[in-house]
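This report describes selected local features of one structural model. Please consult the sequence and the coordinates alongside the text.

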Amino acid sequence: MTEKLERLNRLPLRSNLRGLSPYGAPQLDVPILLNVNENTHGVPADVQAAIAEAVTAAASGLNRYPDREFTELRTELAAYLGHGLTPDHIWAANGSNEVLQQILQAFGGPGRSALGFPPTYSMYPLLASGTDTAYLKGQRTDDYGLSAQSAARQVRELKPNIVFLCSPNNPTGTGLGLDVVEAVYEAGEANQAIVIVDEAYHEFAHDGTPSALTLLPGRERLIVSRTMSKAFALAGARLGYMAAAPEVTDALRLVRLPYHLSAVTQATALAALAHREALMADVEDIKRQRDRIVEGLLKLGLKPAASDSNYVFFGGLDNPHEVWQGLLDAGVLIRDVGIPGHLRVTAGTESETTAFLASLESILAGAARLPA
Ligand code: PMP
């Protein structure tokens with residue numbers, strides 16, 4: 001045990017935090033960062049200028065607490081989402097991680113459980129443990145699929161209080177059919193389960209992919225979470241949000257800290273929302289790069305999963321860790337998600353994507369020349 005860990009363990013920590021390490025992908029100083037599904041295209045110059053102007057204006061009022069209800073931001077987020085949503089349906093926090101944490105604070109807790117379907121977003125079990133909610137691991141098929149029938153059966157058997165459905169799923173990148181959401185919602189009726197559809201990457205889905213937002217009317221236990229960290233290129237600003245029945249937003253008001261969304265955050269998010277056309281143009285290019293990665297990986301004989309997100313999960317590797325290290329040595333950081341034979345890569349700019357594919361090709365060619 002390291003001295004640091006020993007010192008930590010001498011503290012009267014809650015028992016379920018003992019022995020844990022903080023979550024987080026490595027933040028390395030590498031030229032090409034394709035490891036945490038950020039928007040690689042950056043904030044366009046005119047959006048940067050608009051944000052700077054909005055933040056300057058907000059600075060003059062920073063002696064006052066911000067609008068606790070962030071009414072203007074909820075109005076603009078509702079307008080962005082459409083589907084007849086109003087500000088009463090919208091809630092936001094510092095990243096969708098915080099939104100998810102607030103949902104667990106309100107609807108989870110000791111004696112309650114949350115069900116996820118691994119491999120899925122690795123924060124779900126951590127958010128559950130942080131709120132003393134039991135985390136139940138559901139089953140997928142061998143190729144990481146999840147059918148409506150199987151998901152509903154597991155909900156009926158395990159009777160969770162909360163269900164996480166990630167669509168497109170992280171790390172696999174593949175979307176879930178709305179039939180799965182409908183079936184899970186219905187199966188959760190007996191236990192009054194809250195169903196969260198995490199659509200952090202929805203904007204990158206292929207054209208015509210329906211959102212679970214279409215299922216909200218009449219389903220007061222359904223929550224659709226989104227983020228400005230990905231399509232809006234604002235991971236550094238920390239703004240996540242969700243749409244649900246107005247009574248769900250009232251439940252989250254019971255657990256949020258007062259003034260949790262700073263005036264600077266609200267001004268930044270509003271400025272970005274006002275410039276969404278420029279940002280969505282970059283989303284289109286990211287989708288093209290994502291599709292290039294899928295095609296390139298297939299040409300290399302690898303097995304990319306179908307992706308509706310800004311990243312690609314791929315298998316067919318004999319030695320994923322060596323490939324990961326080889327890419328890092330070439331200045332390209334991608335993600336080893338700990339699944340045998342697989343790695344995950346975020347779509348880069350055109351030149352970053354080219355560099356990734358070229359480096360991977362030469363690493364695989366080199367590996368093939370080595371004696372087995
Ligand atoms: N959901 C999923 C599926 C994610 O991959 C992420 C971030 N990687 C988040 C939620 C949280 O993002 P943020 O807190 O930046 O909104």
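## Local features of the predicted model

Within helix H8, which spans residues 246–253, the residues Val248, Thr249, Ala251, Leu252 and Arg253 are buried. Here buried denotes under 20% relative accessible area, exposed over 50%, and partly exposed anything in between, with a 1.4 Å probe and protein chains only. Helices (H or I, at least four residues) and strands (E, at least two) are DSSP runs numbered from the N terminus. The buried residues of H8 pack against helices H3 (71–81) and H4 (96–107) as well as strands E2 (90–93), E7 (222–227) and E8 (240–244), where a contact requires heavy atoms within 4.5 Å.

The model is predicted, and local features need pLDDT of at least 70, side-chain atom pairs count only at pLDDT 80 or more, and totals for chains, interfaces and linings use all residues. Residues are numbered from 1 along each chain as its sequence is written, and side-chain values use heavy atoms, with hydrogens and water left out.

**Backbone geometry.** Pro118 and Pro119 are joined by a cis peptide bond with omega of about 0°; Pro119 is in the loop between strand E3 (113–116) and helix H5 (123–130). A cis bond also runs from Ser167 to Pro168, with omega near -5°, and Pro168 belongs to the loop between strand E5 (162–166) and helix H7 (178–187).

Asn37, although not a glycine, has a positive phi of about 55°. Asn37 is placed in the loop between strand E1 (32–33) and helix H2 (45–59), and its relative accessibility of 0% makes it buried. For His83, also not a glycine, phi is positive at about 55°; the loop between H3 and E2 holds His83, which is partly exposed at a relative accessible area of 48%.

**Ligand site.** Around the ligand there are 13 residues, of which Ser96, Asp198, Tyr201, Thr227 and Ser229 come nearest; a residue is near if one of its heavy atoms lies within 4 Å. The table lists polar contacts, that is, pairs of N or O atoms within 3.5 Å.

| Side chain | Ligand atom | Distance |
|---|---|---|
| Asn170 | oxygen | 2.8 Å |
| Thr227 | oxygen | 2.6 Å |
| Ser229 | oxygen | 2.6 Å |

Taken alone, the ligand exposes 400 Å², and the protein buries 92% of that; these areas come from the Shrake-Rupley method with a 1.4 Å probe.

**Two buried residues.** Ile339 is located in the loop between strand E11 (332–333) and strand E12 (343–346) and is buried, with a relative accessible area of 13%. Leaving aside residues up to four places away in sequence, Ile339 touches Pro119, Tyr144, Pro171 and Phe313. Its C-alpha is 9.0 Å from that of Gly315, at a sequence separation of 24 residues.

Which helix contains Thr353? Thr353 is part of helix H12, residues 350–369. This residue is buried at a relative accessible area of 1%. The side chain of Thr353 reaches the backbone oxygen of Thr349 at 2.8 Å; for such a pair within protein, one atom must be able to donate a hydrogen and the other to accept it, and residues adjacent in sequence count only if both atoms are side-chain atoms. Beyond residues up to four places away in sequence, Thr353 touches Gln289, Arg292, Ile293, Ala347 and Gly348.
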